[in-house]
Amino acid sequence: MVIIIVAAGKGTRFGSDVPKQFLPLAGKAVLLHVVDAFEEVFPTARLYLVLSGQYGREMWEKVSRGRYPWIVLVEGGDTRTESVSRALRQVMRDGYVDDEVLMIHDGARPILNPDMLRRLDDRVDSGAYQACVPAMLPTEALSRVAADGLEPISRQGFRTVQTPQTFRAATIIDCYRQMNENPADPCVYDDDAAVFAAYAGQPIAMVEGDRNNIKITRPADIAIAEILLQSPLPYNPES
Ligand code: CTP
Ligand code: MG
């Protein structure tokens, strides 16, 4: 198994000097929660950590204190899509097995549910699907933006999607290759499932997402994550 953690963002919306992925959360950096959760559930996986520049590497050294020498560090890009693309190129250089499972996760999502991780892995590892994402019914009502105002639509047919998004390695690598070779593609996608959808022509499976798996985006999210770590919301994968 290959796990890519993207942590090369600047955290513009968060607005702190130190990017959010390196900030402390319940005693350790946000990014360490991520790395430790994956190490715990998938101890033999190969980890790739995408960081931005020398500063990113120094911050990682500072928070990890050299305790994870086996993690492969990759230089990030200007967009999340480019950061993932670079990590996939490194995975290609290092070698991989076509059928192995490859997960791509936001370094800013520190609360990972082991049960959810295993479900994602199982769906792709069994060969049933080449892509599987954690997805949830939207909490709020939805409306479409129309020319003359908003058009309310039922949320029943929609899902909000989290990470880690999980793929058959050869397929997601090929999707990114096609994207990069397509001169008409601006190469800016919201997530990796969108790249898969654009090029793989294969269905995307879902497992129930976890409401604790928030993406640290604004300053209050650190306080919210501390509360969720102390008293997690129930996870009902069959709901
Ligand atoms: N990311 C990345 N490379 C980029 C942009 C984002 O690796 N060029 C990573 C972030 O570090 C984060 C994840 O992608 O772990 C999700 O992105 P987001 O929450 O948008 O983080 P930022 O881009 O850092 O925040 P903002 O959009 O507020 O600037
Ligand atoms: Mg961003």
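This is a predicted model: local features need pLDDT of at least 70, side-chain atom pairs count only at pLDDT 80 or more; totals for chains, interfaces and linings use all residues.
A polar side-chain atom of K215 is placed 2.7 Å from an oxygen atom of ligand 1, and a polar backbone atom of D78 is 3.3 Å from a nitrogen atom of the ligand. Of the 560 Å² of accessible area that ligand 1 has on its own, the protein covers 87% (Shrake-Rupley method, 1.4 Å probe). Around ligand 1 there are 19 residues, of which G11, T12, R13, S83 and K215 come nearest (a heavy atom within 4 Å). By class, this shell has 8 polar, 7 charged and 4 nonpolar residues.

Ligand 1 sits in the largest pocket (more than half of its atoms within 2 Å of the grid points). A pocket is an open set of points on a 1 Å grid over the protein atoms alone, where a 1.4 Å probe fits, with protein on both sides within 12 Å along at least five of seven lines; lining residues have an atom within 4 Å of a point. The space in the largest pocket is about 820 Å³, and G9, R13, R80, D106 and K215 are the closest to its centre among 32 lining residues.

Residues are numbered from 1 along each chain as its sequence is written, and ligands from 1 in the order in which they are written, with chains lettered from A. Local features need pLDDT of at least 70, side-chain atom pairs count only at pLDDT 80 or more, and totals for chains, interfaces and linings use all residues, while side-chain values use heavy atoms, without hydrogens and water.

Note on methods: Grid points are joined across faces, edges and corners, and a volume is the space filled by probe spheres set on the points. A polar contact is a pair of N or O atoms within 3.5 Å; within protein, one must be able to donate a hydrogen and the other to accept it, and residues adjacent in sequence count only if both atoms are side-chain atoms. Ala, Val, Leu, Ile, Met, Phe, Trp, Tyr, Cys and Pro count as nonpolar, Asp, Glu, Lys and Arg as charged, and the others, Gly among them, as polar.
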